[in-house]
Amino acid sequence: MPSVGTILTFFMTWTLVWWIPLRFLLTGHVPGDDWTLVAFLLLALAPLAPLLRALIGRRYPSAMIRVLIFRPFWYLLLMMPLVSLAGIVGAAAGWPFGAAGAVGRWTTTATAIVLLTLGIVGYFGSRRLRIKPLDLAFPGLPDGFDGFRIVQLSDLHVGPQTSRRFLARVAHAVEQLDGDLIAITGDQVDDFHEDVALFVNAFGHLRAPLGVFAIAGNHDVYAGWELVRYGMESAGMRVLVNTAVPLTRNGSTIWLAGTGDPAASGAGPLPIQGPAPDIGATLSRVPDRAFIIALAHNPALWPLLVERDVQLTLSGHTHYGQFAIPRLGWSIASPFLRLAMGLHRESASTLYINPGTNHWGLPFRIGTPPEITVITLLRCA
């Protein structure tokens with residue numbers, strides 16, 4: 001975990017860098033002038049105290065703290081650079097005409113209004129649950145699994161701030177779908193191991209003929225994996241960590257594998273101990289030429305699974321950046337990740353990246369609503 005000084009330095013530097021241009025643009029044009037702007041700066045930095053208390057002191061933050069303190073903090077961290085940059089660009093555009101201040105203030109105000117509007121639209125988008133059917137055909141699928149239905153949930157990020165009504169909608173929808181197997185592909189909890197009790201309260205009653213399976217996501221690792229895992233297993237879920245189990249249906253057998261997560265191997269922002277991925281160990285029990293479904297939270301693991309001829313991999317993690325343009329196959333995550341969204345095929349292997357059944361951080365989704373995926377396996381010649 002980074003030190004207190006490192007965290008404080010990062011957030012304070014980030015805030016000041018983007019606050020300074022706004023101060024020069026707005027001084028003399030807001031009531032109270034510098035006093036108002038300094039008060040805004042202090043308000044923007046105030047959430048650092050409870051944030052550090054939660055992250056470093058491991059104090060469990062309540063729903064009120066997460067909604068009224070953490071959430072506005074994240075909004076400000078994201079919005080301030082965009083508003084400030086808009087002001088800088090506007091000022092630069094207006095400077096040749098002697099109107100740098102006026103144009104800068106106009107672009108600042110217009111950008112703030114646009115972002116506020118997007119925030120409202122995104123909030124309602126985060127509540128629009130979608131059930132997506134996905135039929136996938138495989139020539140090597142055993143006869144007994146033709147028509148096999150997997151209900152996939154991912155990135156639920158359950159915490160005390162999560163709407164219980166929304167979680168109940170998700171659980172009810174899963175029950176109505178009557179899948180053969182339920183797969184929960186990581187990030188069950190928000191950021192703290194205590195959140196697992198809320199997750200279990202919402203989903204611990206779910207059952208399926210071939211079982212309810214879960215794997216580790218990076219947030220489960222950050223929260224404290226062993227306690228998160230214990231909570232899920234106590235509710236009757238089967239948690240797969242670098243292992244595979246056989247599934248039998250109508251006289252046929254396939255294998256379900258679950259990986260660890262790269263966050264536990266130092267590949268994430270917090271290099272801590274946990275279930276690091278080991279593809280060799282994950283598939284060590286699987287017979288040659290068996291049909292394999294792998295659950296891997298981070299789609300970055302898919303190339304390693306392709307090398308091992310895994311026919312189907314189900315992932316999550318990316319959230320599609322919580323802002324996507326599906327017709328263009330683009331999301332905010334796309335510039336940063338090769339495997340960011342949707343369906344991918346390579347050789348005889350298929351990957352599906354679920355966009356998440358909830359949100360993380362900000363209740364914001366545009367173009368990529370929360371999703372329950374219903375995967376139906378079909379045998380083809």
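Helix 5 of this predicted model has 26 residues, which at 1.5 Å a residue should span 38 Å. The buried residues of helix 5 are G104, T107, T108, T111, L115, G119, G122 and G125. A residue counts as buried when its relative accessible area is under 20%.

Several of these positions return in the packing of helix 5 against its neighbour, helix 4. Two packed helices are described by the angle between their axes and the distance between the axes. For helix 4 (residues 63-94) and helix 5 (residues 100-125), the axes come within 7 Å and cross at roughly 150°. Helix 4 is therefore roughly antiparallel to helix 5, because angles over 145 degrees are placed in that class. The crossing of helix 4 past helix 5 is right-handed. On the helix 4 side, the contact is made by M79, L82, V83, A86, G87, G90, A91 and G94. Helix 5 contributes A100, V103, G104, T107, T108, T111, A112 and L115. By class, the residues of this contact comprise nine nonpolar and seven polar, with no charged residue.

Helix 7 (residues 195-203) packs with helix 8 (residues 218-234) at an angle of about 20°, and their axes are 9 Å apart. These two helices are therefore roughly parallel to each other, since angles under 35 degrees count as such. Helix 7 passes helix 8 in a crossing that is right-handed. V196, F199 and V200 of helix 7 meet L227, V228, G231 and M232 of helix 8. The contact of helix 7 with helix 8 has six nonpolar residues, one polar residue and no charged ones.

L351 sits in strand 13 (residues 349-353). Its relative accessible area is 0%, so L351 is buried. Leaving aside residues up to four places away in sequence, L351 touches P299, W302, T313, S315, L339, G342, L343 and H344. G367 is 16 residues from L351 in sequence, and the C-alpha atoms of the two are 21 Å apart in space.

The loop between strand 12 and strand 13 holds S347. With a relative accessibility of 75%, S347 counts as exposed; the cut-off for that class is over 50%. S347 is not a glycine, yet its phi is positive, at about 55°.

N250 also has a positive phi, near 50°, and is a residue other than glycine. N250 lies in the loop between strand 6 (243-249) and strand 7 (252-258). At 63% relative accessibility, N250 is classed as exposed.

P335 belongs to another loop, the one between strand 11 (330-331) and strand 12 (342-346). Its relative accessibility of 55% means that P335 counts as exposed. Along the chain, P335 and R165 are 170 residues apart, and their C-alpha atoms are separated by 34 Å.

How values were computed. Residues numbered from 1 in each chain as written. Predicted model: local features only at pLDDT ≥ 70, side-chain atom pairs only at ≥ 80, totals over all residues. Heavy atoms only, no water. Axes fitted to C-alpha atoms, helices over the stretch in contact; angles between N-to-C directions. Helix = DSSP H or I, 4+ residues; strand = E, 2+ residues; numbered from the N terminus. Parallel < 35°, antiparallel > 145°, perpendicular 65-115°, else oblique. Left-handed = near helix turned anticlockwise from the far one by under 90°. Contact = heavy atoms within 4.5 Å. Nonpolar A, V, L, I, M, F, W, Y, C, P; charged D, E, K, R; others polar. Expected span 1.5 Å × (residues − 1). Buried < 20%, exposed > 50% of the residue type's maximum accessible area, 1.4 Å probe, protein only.
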